[in-house]
Amino acid sequence: MNVQVKEYLTPVQAVQTGAVYEIPVIDLAPFRAGTSGGMESCAAQLRTALEKVGFYLIVNHGVPQATIDRTYEAVRGFFALPEDVKLPLLKNQHNIGYTPMRSLYNRPTSDLNAKRQVTAAAESFFMKADLAPDHPDVLAGKRFRAPNQWPPEPSAPGFRDAMVGYARALEALGKSLLPLYATALDLPVDWFDQAFVDPMYTLRISRYPRQATLGEREQGLPPHTDTSFMTLLPYNRVQGLQVRRTDGRWVDVPAVPGSFVVNSGNMLRRWSNNRCMSTPHQVVNLSPEERYAMPFFLDVNRDWVMDCLPSCKSDDNPFQYEPMTYAEYMAWYTTDYTAPKPLTRLRRIEL
Ligand SMILES: O=C(O)CCC(=O)C(=O)O
Ligand SMILES: [Fe+2]
């Protein structure tokens, strides 16, 4: 079916001269092997990806395929659980928990000072670092630092283990890329280390019904940008993610088995004074089967002040934003937080 997508977002950035439309594939092997020049060549490719596209793929990233396969299985199992197990886990003010089909979400827009609400024709579950109830931040009641909301273990055996294991592997993957980010942005190689000592992260898992089962005006995930510093998404056997190029055309992300799709979000765009892009993307599941996805959003330490990256401002190009922490940004982003409404009366349409 032909899904019409209105161009409601303001242009990401003026199309730069020498715009790059291809989503690059960066082979991390030379960087990971520590070969001479490996870091520099990967960083140069990353710089183009960040400044001109906002999306790239990585291969030879080091996350075992078995970890990814096992997590996809666990995700599928979670969404097959009955509603009476999932609904008590409704997403809370920490952005942790379950959102049923057709929940409203705040989403950032291309205007970094704006956000809007969208409805997603998907169900999702969000988790963060698996903090114990007696973690000092939990005891202190810090927002976005709360225990995860798990289904009872007997209802979903192994689910928690799989999610926590995958999240830790992706935290390590994301952090391993930071020296490349620093080099790509003309900063000392260890520049980001302190900012990511105990980084915030969110793992979102989603189930997207087939587009053919949805209403005319619905789609899995409407166009949006991410809030994150970096989003990591493993290769999906079921296509559906589309990226808006700077010329306005929507393109499918390249299907490269074993890869991760990586994109930058609004926090990196903001921190880098618009040098890095945060590119709109959407999900439309036109395949004949359901689609499961597990994007991982990596961010800085909760209270790290993101003042302009020193290489991203000059006398002619002063910082355009207020320095902000993750906690402040997310508090603004979720100011009009309301608990998602359980849509139990709305029958799930399965054809
Ligand atoms: O499902 C996907 O492939 C990507 C999802 C996404 O863009 C998001 O959750 O922000
Ligand atoms: Fe996204």
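Guide: Quick note before we start: UniProt annotations may be inferred rather than shown by experiment. Also, this is a predicted model.

Visitor: Got it. Which residues does the "domain: Fe2OG dioxygenase" annotation cover?

Guide: Residues 198-300, according to the UniProt record, which is an unreviewed entry.

Visitor: And how much helix and strand is in that span?

Guide: Residues 198-300 are 6% helix and 41% strand.

Visitor: How many bridges link S8 and S13?

Guide: There are 2 bridges, in the antiparallel sense, with S13 running over residues 281-283. Leu221 has Val283 in S13 as its bridge partner.

Visitor: Switching to ligand 1. Which residues are around it?

Guide: Arg204, Ser206, Leu221, Asp226, Leu233, Leu241, His281, Val283, Ala293 and Pro295. So the bridge partners Leu221 and Val283 are both among the residues around ligand 1, going by C-beta atoms within 6 Å.

Visitor: Which elements give two or more residues to that shell?

Guide: Strand S7 (199-208) and S13 do.

Visitor: What's the make-up of the shell by class?

Guide: Around ligand 1 there are 6 nonpolar, 2 polar and 2 charged residues.

Conventions. Residues numbered from 1 in each chain as written. Chains lettered and ligands numbered in written order. Predicted model: local features only at pLDDT ≥ 70, side-chain atom pairs only at ≥ 80, totals over all residues. Helix = DSSP H or I, 4+ residues; strand = E, 2+ residues; numbered from the N terminus. Pairing = 2+ DSSP bridges. Nonpolar A, V, L, I, M, F, W, Y, C, P; charged D, E, K, R; others polar.
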